[in-house]
Amino acid sequence: MKKALQFLQACGTFYLATVEKDQPRVRPFGAVCEFEDKLYIITNNQKSVFAQMRENPKVEISGMAEGKWIRLTAEAVADPRREAKAAMLDANPSLRSMYSEDDGVVEVLYLQNATVTICSFTEEPITWQF
């Protein structure tokens, strides 16, 4: 999990894919954190991406850093605890200008049953699960 976290942090911007009915939806994300040995992402419960993950929790993340790319497939599980929200906001302080733990809008989700593959044009892919 830590290697996936570090890779996503190195990407800066990575892309999260969800499904809405039969249509894939992809959008940029940029914030991740580790909390209780789990990899978390953050969103706003007013956005369609949150509704899509609630309807179908299967997601895929992709991003590039240092000539390599990541493909991470997982299930996104909402964690309503204030402690989880605080951990995300503490790890990504720039988000505090938009969100707070108690605003009723911020949502954090951890990724479970994940398969991660790191690829490049010059090396064999590396795959693991968490």
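Which residue just after H1 takes a positive phi? Gly12 does, with a phi of about 80 degrees. Helices (H or I, at least four residues) and strands (E, at least two) are DSSP runs, numbered from the N terminus.

The model is predicted: local features need pLDDT of at least 70, side-chain atom pairs count only at pLDDT 80 or more, and totals for chains, interfaces and linings use all residues. Residues are numbered from 1 along each chain as its sequence is written, and side-chain values use heavy atoms, with hydrogens and water left out.

In H1, the buried residues (under 20% relative accessible area, with exposed over 50% and partly exposed in between; 1.4 Å probe, protein chains only) are Ala4, Leu5, Phe7, Leu8 and Cys11. They lie on the same side of H1, because they cover an arc of only 165 degrees around the axis. The arc is that of the directions from the helix axis to the C-beta atoms. H2 buries Val49, Phe50, Gln52 and Met53. Their arc is only 160 degrees, so they too share one side of H2. Arg54 and Glu55 are exposed on the other side of H2. The cover over the buried residues of H2 includes S1, S2, S4, S5, S6 and S7. In H3 (residues 82-91), Ala84, Lys85, Ala86, Ala87, Met88 and Leu89 are buried. S3 (32-35), S4, S6 and S7 are among the elements that cover them.

A nonpolar core is a set of buried Ala, Val, Leu, Ile, Met, Phe, Trp, Tyr and Cys residues joined through side-chain atoms within 4.5 Å. The largest has 28 residues. Leu39, Ile41, Leu72 and Leu111 touch the most other members. H1, S1, S4, H2, S5, S6 and S7 each supply at least two residues of this core. A second, separate core has 14 residues, including Phe35, Tyr40, Ala87 and Val106. Leu39 has contacts (heavy atoms within 4.5 Å) with Met1, Ala4, Leu72 and Phe130, among others, not counting residues up to four places away in sequence.

The largest pocket has a volume of about 170 Å³. On a 1 Å grid over the protein atoms alone, a pocket is an open set of points where a 1.4 Å probe fits, with protein on both sides within 12 Å along at least five of seven lines; lining residues have an atom within 4 Å of a point. The volume is the space filled by probe spheres set on the points. Among the lining residues are Arg27, Phe29, Ile42 and Tyr99. S2 gives the most to the lining, with 3 residues.
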